[in-house]
Amino acid sequence: NDIHVSGTNLLSLINDILEFAKADSGTLELTERNVNLRKVAEACCRLLRPRAEEAQITIEVELPEDLPSFIGDEPKLRQILLNLLSNGVKFTPTGGQVRLSAFADPAQGYVITVADSGHGIDADEIDKAMSAFGQVDGALNRKFEGAGLGLPLARSLVELHGGTFTLESEVGNGTTVTLRFPADRIRMRG
């Protein structure tokens, strides 16, 4: 079991490095289609639920019933959300929560937010957390596995979709990541 878990973690790290290298070199391409964000969010939560339950952390998905489809690359959107939700679970103390919400509006675009009630990041450390292989110093971060690729890879994948990635955080008050995609990513019904 330990060998299997270690192998799976190593494979995940190698895939993240390869994906980041492709994004960084401009060779990563999108395979676009209509994506049901609710289904993608639920799949991500199912994967993270055992870790969240073990840590007694609640994962909430707050999506409007009439949320339109997202036009984009479903595996890459899943990777973005998994990285953000996983970080939320990883850095939120027992009893905390991680929340994914979204809305789509022709004036504001397709907006997805992942917020946690975790430890937060000092304002001076945000740039470091957003850099490739950057990890915020401190005993807390060394307690958790990771190569420091999750946030920069997520940002690269958002930008590949023409979107913007904003991270706001305060020590002791959690972290909120807002993804804003252009309105042409909204698949209106009708």
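Helices (H or I, at least four residues) and strands (E, at least two) are here DSSP runs, numbered from the N terminus. The model is a predicted one, in which local features need pLDDT of at least 70 and side-chain atom pairs count only at pLDDT 80 or more, while totals for chains, interfaces and linings use all residues. Residues are numbered from 1 along each chain as its sequence is written, and side-chain values use heavy atoms, with hydrogens and water left out.

**View 1. The end of helix H6 and the residues beyond it.** After H6 comes glycine 162, which has a positive phi, near 80°. Within H6 itself, Leu151, Pro152, Leu153, Ala154, Ser156, Leu157 and Val158 are buried, a term that stands for under 20% relative accessible area, as against exposed for over 50% and partly exposed in between (1.4 Å probe, protein chains only).

**View 2. The packing of helix H3 on helix H6.** H3 packs with H6 (residues 150-160) at an angle of about 145°, and their axes are 9 Å apart; axes are lines fitted to C-alpha atoms, for helices over the stretch in contact, and angles run from 0 to 180 degrees between N-to-C directions. The contact (heavy atoms within 4.5 Å) involves Lys76, Gln79, Ile80, Asn83, Leu84 and Asn87 on the H3 side, and Gly150, Leu151, Leu153, Ala154, Leu157, Val158 and Leu160 on the H6 side.

**View 3. Leucine 77 and its surroundings.** Leucine 77 lies in helix H3 (residues 74-90) and is buried, its relative accessible area being 0%. Apart from neighbours within four places in sequence, leucine 77 touches Val35, Leu37, Phe70 and Ile112. One of these, leucine 37, is 40 residues away along the chain, yet the two C-alpha atoms are separated by 8.7 Å.

View 4. Five strands, in the order S2-S4-S5-S7-S6, make up an open sheet whose pairing is mixed, where two strands pair if DSSP finds at least two bridges between them. Strands S2 (58-62) and S6 (164-169) stand at the edges with a single partner strand each, so one side of each is left without a neighbour in the sheet. From one strand to the next the twist averages 10°. S2 and S4 run parallel and are joined by five bridges, with isoleucine 59 standing opposite valine 98 in S4. Helix H2 (residues 37-54) packs on the sheet, where it touches S2, S4 and S5, and its direction makes about 175° with that of S2.

**View 5. Strand S5 between its two partners.** In strand S5 (residues 109-116), eight of the eight residues are buried. S5 pairs with strand S4 (residues 97-105) in the antiparallel sense over eight bridges, and the two form a hairpin with three residues between them; in this pairing phenylalanine 103 stands opposite valine 111 in S5. Strand S7 (residues 175-181) also runs antiparallel to S5, to which seven bridges join it, and there valine 114 stands opposite valine 177 in S7.

View 6. The structure holds zero disulfides, a disulfide being a pair of cysteine sulfur atoms within 2.5 Å.
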